[in-house]
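Subject: Structure handover

Hello,

Please find the structure below. My notes on what was found in it follow.

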Amino acid sequence: MIASNATWIKRNVPSLKSFGILALSSVLIAAPAFLMIRLLEPGFVLPAFSILLFSDAAIAAIVARAIHVRRNSENVTLWDIAGAFTMMGCAAAIFSEPDQAVRLFEQLVEQHPDTPP
């Protein structure tokens, strides 16, 4: 009984590669999110966070495509993480108000005008 239980545990242990991918992506989200919360006005946090999540989802999908990650795997892959980032980005965009997003882009354009005075 104990031997069969030990083999079951060895078969179902998550791989370190999956854990590393998840830890790296968590750090890549947490640091910019913390900076956004500290530096932006409260109304701008959700639109900026949704943009961050969509860009991280795109990066994860590009990297997954470049390293040829299998889409149908039992472990967590970069495709799964890209999908999770996309869903969270959609949720952040839904909960933010449209006028907040417009004000965020207006503020960014005012800070960095393309045309010289």
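Of the 117 residues in the chain, 22% are buried; buried means under 20% relative accessible area, exposed means over 50%, and partly exposed lies in between (1.4 Å probe, protein chains only). The model is predicted, so local features need pLDDT of at least 70 and side-chain atom pairs count only at pLDDT 80 or more, while totals for chains, interfaces and linings use all residues. Residues are numbered from 1 along each chain as its sequence is written, and side-chain values use heavy atoms, with hydrogens and water left out.

Overall make-up

The chain has five helices and zero strands, and from the N terminus its elements run α-α-α-α-α. Helices (H or I, at least four residues) and strands (E, at least two) are DSSP runs, numbered from the N terminus. The accessible surface of the chain is about 8900 Å², and carbon and sulfur atoms account for 69% of it; such areas come from the Shrake-Rupley method with a 1.4 Å probe, and for residues only the protein chains shown count as cover. Among contacts (heavy atoms within 4.5 Å) in the chain between residues at least 6 apart in sequence, 61% join residues at least 24 apart.

Helices α3 and α5

Two packed helices are described by the angle between their axes and the distance between the axes. Here the axes of helix α3 (residues 42–66) and helix α5 (residues 98–111) cross at roughly 80° and come within 8 Å. Because of that angle, α3 is roughly perpendicular to α5. Axes are lines fitted to C-alpha atoms, for helices over the stretch in contact, with angles from 0 to 180 degrees between N-to-C directions; under 35 degrees counts as roughly parallel, over 145 as roughly antiparallel, 65 to 115 as roughly perpendicular, and the rest as oblique.

On the α3 side the contact is made by G43, F44, P47, A48 and I51, and on the α5 side by Q100, A101, R103, L104, F105 and Q107. These residues divide into seven nonpolar, three polar and one charged. Nonpolar covers Ala, Val, Leu, Ile, Met, Phe, Trp, Tyr, Cys and Pro, charged covers Asp, Glu, Lys and Arg, and the others, Gly among them, are polar.

The salt bridge

The count comes to one salt bridge, defined as a side-chain nitrogen of Lys or Arg within 4 Å of a carboxyl oxygen of Asp or Glu. The pair is R103 and E41, at 3.8 Å from N to O. R103 is in helix α5 and E41 is in the loop between α2 (16–39) and α3, 62 residues apart, so the pair links distant parts of the chain. R103 is partly exposed at 38% relative accessibility, and E41 is partly exposed at 41%.

Three further residues

S50 is in helix α3 and is buried, with a relative accessible area of 6%. Apart from neighbours within four places in sequence, S50 contacts G89, A92 and A93.

L78 lies in helix α4 and is buried at 12% relative accessible area. Beyond its neighbours within four places in sequence, L78 is in contact with I21, A60, V63, A64, I67 and V69.

T86 belongs to helix α4 (residues 78–95) and is partly exposed at 33% relative accessible area. Leaving out residues up to four places away in sequence, T86 touches F54 and A57.

Regards
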